[in-house]
Amino acid sequence: MNNFCNLSDIVDLKSTIKEAIDLKKNPLQFKVLGEGKTICLLFFNNSLRTRLSTQKAAQNLGLNTIVMNFGSEGWELEFEDGVIMSQNKSEHVKEAAKVISQYCDIIAIRAFASLTDKEKDETEIILTNFKKYARVPVINMESSLGHPLQALADAITIEEYKAVKKPKVVLSWVPHPKALPHAVANSFIEMMQLQDADFVLTHPKGYELNPEITKNSTIEYNQEKAFENADFIYVKNWSSYENYGQVLNTDASWMITADKMKFTNNAKFMHCLPVRRNVIVTDEVLDSEDSIVIEQANNRTYSAQIVLKKILENNG
Ligand code: CP
């Protein structure tokens, strides 16, 4: 592996998930791999899990880590070609990416969608330009369109908890007061399409995601029907794709409750976190034995670690 920007950068997904689960049993076994090397984690947006788990994964592999909150600490970057930089943008990504590449061996980037300009978001302008101009491998820590490190952690978690070969997995939209990006849902859908799973997507009408991503997935608009016999309930809010970035409704009847979980096959409850209690899901469900959100977050370390390991092995 050279870059890790999309799930398609993983050559053999099945064996990668198995390797991550093995790595978890002895996380320090490849500590020499990153010795003398450095990873720069560049955050254009906030984070808890991604920042700490990627740092922990790097540490487990012997890598040094430099973290920069680029959005608040770096010079404001220009990404367009040929512009006259007479306004507020002080530095072009062409220099920034090349300079940062001299200080580290891997660059990891978090840069969310604006949710105001669909066309621009779909170019993934920050990630794409760093990939273009950096002279070292680039990792996506959540971009406009995807969160592949999260999806890999989700697949590891489902593999660990599944009781049948082909579980029924439901991704449900849930209400949220703010407009949230599509990245987590997009990558989870892509991941489920690659897994041996009976996958169902459920959301209110108007919350259809990019049809190019959902094209092979079953969509059920009745949430309770979707939940029938489910083994995993994965919940996430996203804003409208069609009416780009809009919150069309915050219908509380879509919140996950214990009564709703009764339609399932004692399903495990999953969410990428952070989660708003009693808006997305009730305390009762989140605090129940069937909630595996903490272990899901723990697996963020091993999804990052297996990706870093493969990049280090390929760029020795
Ligand atoms: N799930 C996830 O990416 O969490 P953070 O936004 O806290 O990194």
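Before you start, note that the model is predicted: local features need pLDDT of at least 70, side-chain atom pairs count only at pLDDT 80 or more, and totals for chains, interfaces and linings use all residues. Residues are numbered from 1 along each chain as its sequence is written, and side-chain values use heavy atoms, with hydrogens and water left out.

**Stop 1: the two domains**

Colour 7-146 plus 300-314 as domain 1 and 148-296 as domain 2; these bounds come from an automatic or database domain assignment. Taken over C-alpha atoms, the centres of the two domains are 26 Å apart.

**Stop 2: where they meet**

Now select the residues in contact (heavy atoms within 4.5 Å): domain 1 contributes 30 residues and domain 2 contributes 33 residues. Together the domains bury about 2,500 Å², with 68% of it on carbon and sulfur atoms. Buried area here is the accessible area (1.4 Å probe) that two parts lose on being put together, summed over both. On the domain 1 side, show Leu 7, Leu 115 and Arg 300, which lose the most area to domain 2 and together make up 29% of what that side buries.

Next, look for charged pairs. Between domain 1 and domain 2 there are 2 salt bridges, each a side-chain nitrogen of Lys or Arg within 4 Å of a carboxyl oxygen of Asp or Glu. The interface also holds 9 residue pairs in polar contact, both residues at pLDDT 80 or more. A polar contact is a pair of N or O atoms within 3.5 Å; within protein, one must be able to donate a hydrogen and the other to accept it, and residues adjacent in sequence count only if both atoms are side-chain atoms.

Several elements supply at least two residues each to the side of domain 1 that touches domain 2, among them helix H1 (13-25) and helix H13 (293-314). H13 gives the most, with 6 residues. Helices (H or I, at least four residues) and strands (E, at least two) are DSSP runs, numbered from the N terminus.

**Stop 3: the ligand**

Which residues surround the ligand? Select Ser 47, Leu 48, Arg 49, Thr 50, Arg 110, His 147, Gln 150, Cys 272, Leu 273 and Arg 300, where near means a heavy atom within 4 Å.

- His 147: an N or O atom of its side chain is 2.9 Å from a ligand oxygen atom.
- Cys 272: a polar backbone atom is 3.0 Å from a ligand nitrogen atom.
- Arg 300: a polar side-chain atom is 3.1 Å from a ligand oxygen atom.

**Stop 4: local details**

From Leu 273, step to Pro 274: a cis peptide bond joins them, with omega about 5°. Pro 274 sits in the loop between strand E11 (268-270) and helix H12 (283-286).

Then go to Glu 124, which has a positive phi of about 50° although it is not a glycine. Glu 124 lies in the loop between H5 and helix H6 (125-133).

Finish on salt bridges, of which the whole structure has 16. Lys 18 and Asp 22 form one, with their closest N and O atoms 3.2 Å apart. Both lie in helix H1, 4 residues apart, about one turn of the helix. Glu 295 and Lys 24 also meet in a salt bridge, at 2.6 Å from N to O.
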